[in-house]
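Work through these exercises with the model open beside you. Try each task before reading its solution.

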Amino acid sequence: MTLITRRNALIAGLGGSGLALSGCAKITFGDTLTDNAGFQHVLANAEAWTLASQRFLLSGGAMAREYAVSDISPRFKANGTLYPTGEDYEDAVNEDFINWRLTVDGMVKRPVSLSVADVRKLPSQTQITRHDCVEGWSAIAQWTGVPVGLLLKTAGVLPQAKYVVFHCADNLDGEPEKGGMQAPGQYYESLALVDAMHPQTIIAHAQNGKPLDVAHGAPLRLRVERQLGYKQAKYVQRIELTDRLSGFYGGKGGYWEDRGYEWYAGI
Ligand SMILES: Nc1nc2c(c(=O)[nH]1)N[C@H]1C(S)=C(S)[C@@H](COP(=O)(O)O)O[C@H]1N2
Ligand SMILES: [Mo]
């Protein structure tokens, strides 16, 4: 079972990247994307990423279970922020996220800034996985997106970086009944580099074959498949490399971590 899953993931990874890449190369030449240095770097690194994920799979790294299309839940509950407050997000929805940027910066050699359209043109992968929320519900969905590892390789992670911080667009109220530090705050999450580089860790732009809807994190969200629901940051705008988590928000590496949850939320 595990072997078959790995093998399929490997084939999907190789085939998917190769196909998408040749498609991208065509689009890129003689087109405005040529001016986008970040985008060019991502394409140049797609092959390096494929090799790296192949090595990971062959070395026996633990993969989250993947499911069949028939297992997809008819309804996937939305949780936490369902619609970020504020005019900026409202404007972004109204203009179909054309001015939304995803930046990769901090302890990197070459900061990257991508539009959602750029992200959609990058080599994507698709995985059907189960989401487990600590509140006691689970749901299976298919996610399509760009490996975070590919984005990191493109930006060139500096040797001193240890963590990857995901900044989100929403402010969430505390939930006093859960105890801990309950002031409202900006949602954010973070991962150790090894989990960010995991071949199933992606910035997803589609759920069940359709662009993400607002309740599920439009236009871009994190999927880190071997961890719990609260790590799956929605509305991601910025990916920041750092050597310590103490300088961010409450200092514990995430909105819920600052309120008492575990930082390493392995399933
Ligand atoms: N930006 C942001 N990301 C978030 C949250 C949130 O409130 N804001 N809630 C988290 C929690 S607790 C869960 S279970 C999942 C829910 O994702 P869904 O709304 O797509 O089901 O998103 C996680 N990521
Ligand atoms: Mo959750």
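The exercises below concern a predicted model and run from the whole chain down to single residues.

**Exercise 1. The whole chain**

Task: State how many helices and strands the protein chain has, and what share of its residues count as buried.

Solution. 
- Step 1. Count the elements. The protein chain has 6 helices and 10 strands.
- Step 2. Take burial. Of its 267 residues, 49% count as buried.
- Step 3. The protein chain exposes about 12300 Å², and carbon and sulfur atoms supply 55% of that.
- Step 4. Check the contacts. Among those with a separation of 6 or more, 72% join residues 24 or more positions apart.

**Exercise 2. The ligand site**

Task: Find which residues are closest to ligand 1, and which strand gives the most to its shell.

Solution. 
- Step 1. List the shell. Ligand 1 is surrounded by 22 residues; the closest are K77, N79, D170, R221 and K234.
- Step 2. Assign strands. β3 (125–133) and β5 (163–172) each supply at least two residues of this shell. β5 gives the most, with 3 residues.
- Step 3. Read the polar distances. A polar side-chain atom of D170 is 2.7 Å from a nitrogen atom of ligand 1. A polar backbone atom of Q232 is 3.0 Å from a nitrogen atom of the ligand. On K234, a polar side-chain atom lies 2.6 Å from a ligand oxygen atom.
- Step 4. Check the cover. Ligand 1 taken alone exposes 530 Å², and the protein buries 99% of that.
- Step 5. Name the space. Ligand 1 takes up the largest cavity.

**Exercise 3. Helix α5 and W49**

Task: Decide why helix α5 is largely enclosed by the rest of the structure. Then find what W49 touches.

Solution. 
- Step 1. Apply the cut-off. A residue is buried under 20% relative accessible area.
- Step 2. Count along the helix. In α5 (residues 148–155), 7 of the 8 residues are buried, so the helix is largely enclosed by the rest of the structure.
- Step 3. Name the buried residues. They are V148, G149, L150, L151, L152, T154 and A155.
- Step 4. Look just past the end.
- Step 5. W49 has a relative accessibility of 4%, so it counts as buried.
- Step 6. List its partners. Not counting residues up to four places away in sequence, W49 touches P147, G149, L150, K153, M197, H198 and P199.
- Step 7. Compare sequence with space. W49 and P147 are 98 residues apart in sequence, and their C-alpha atoms are 8.4 Å apart.

**Exercise 4. Backbone exceptions**

Task: Say where the cis peptide bond from A218 to P219 lies, and which phi values D96 and N208 take.

Solution. 
- Step 1. Most residues other than glycine have a negative phi, and most peptide bonds are trans.
- Step 2. Read omega. The A218 to P219 bond is cis, with omega near 0°. A218 lies in the loop between β8 (210–211) and β9 (221–224), and P219 is placed in the loop between β8 and β9.
- Step 3. Check A218 for burial. A218 has a relative accessible area of 1%, so it is buried. Beyond its neighbours within four places in sequence, it contacts Y89, F97, L212, D213 and Y235.
- Step 4. Take D96. Its phi is positive, about 55°, although D96 is not a glycine. D96 sits in the loop between α3 (87–94) and β1 (101–106). It is exposed, at 60% relative accessible area.
- Step 5. Take N208. Phi is near 50°, positive in a residue other than glycine. N208 lies in the loop between β7 (201–207) and β8. At 30% relative accessibility, N208 is partly exposed.

**Exercise 5. Y83**

Task: Is Y83 buried or partly exposed, and which side chain does its own side chain meet in a polar contact?

Solution. 
- Step 1. Y83 is in the loop between α2 and α3.
- Step 2. Classify it. Y83 has 38% relative accessibility, so it counts as partly exposed.
- Step 3. List the contacts. Leaving aside neighbours within four places in sequence, Y83 contacts Y89, E90, V93, V214 and Y235.
- Step 4. Find the polar one. The Y83 side chain makes a polar contact with the side chain of E90, at 3.2 Å.

Key. Residues are numbered from 1 along each chain as its sequence is written. Chains are lettered from A and ligands numbered from 1 in the order in which they are written. This is a predicted model: local features need pLDDT of at least 70, side-chain atom pairs count only at pLDDT 80 or more; totals for chains, interfaces and linings use all residues. Side-chain values use heavy atoms; hydrogens and water are left out. Buried means under 20% relative accessible area, exposed over 50%, partly exposed in between (1.4 Å probe, protein chains only). Helices (H or I, at least four residues) and strands (E, at least two) are DSSP runs, numbered from the N terminus. Contact means heavy atoms within 4.5 Å. A residue is near a molecule or strand if one of its heavy atoms lies within 4 Å of it. A polar contact is a pair of N or O atoms within 3.5 Å; within protein, one must be able to donate a hydrogen and the other to accept it, and residues adjacent in sequence count only if both atoms are side-chain atoms. Accessible areas come from the Shrake-Rupley method with a 1.4 Å probe; for residues, only the protein chains shown count as cover. On a 1 Å grid over the protein atoms alone, a cavity is a set of points where a 1.4 Å probe fits but cannot get out, and a pocket is an open set with protein on both sides within 12 Å along at least five of seven lines; lining residues have an atom within 4 Å of a point. A molecule sits in a cavity or pocket if more than half of its atoms lie within 2 Å of its grid points.
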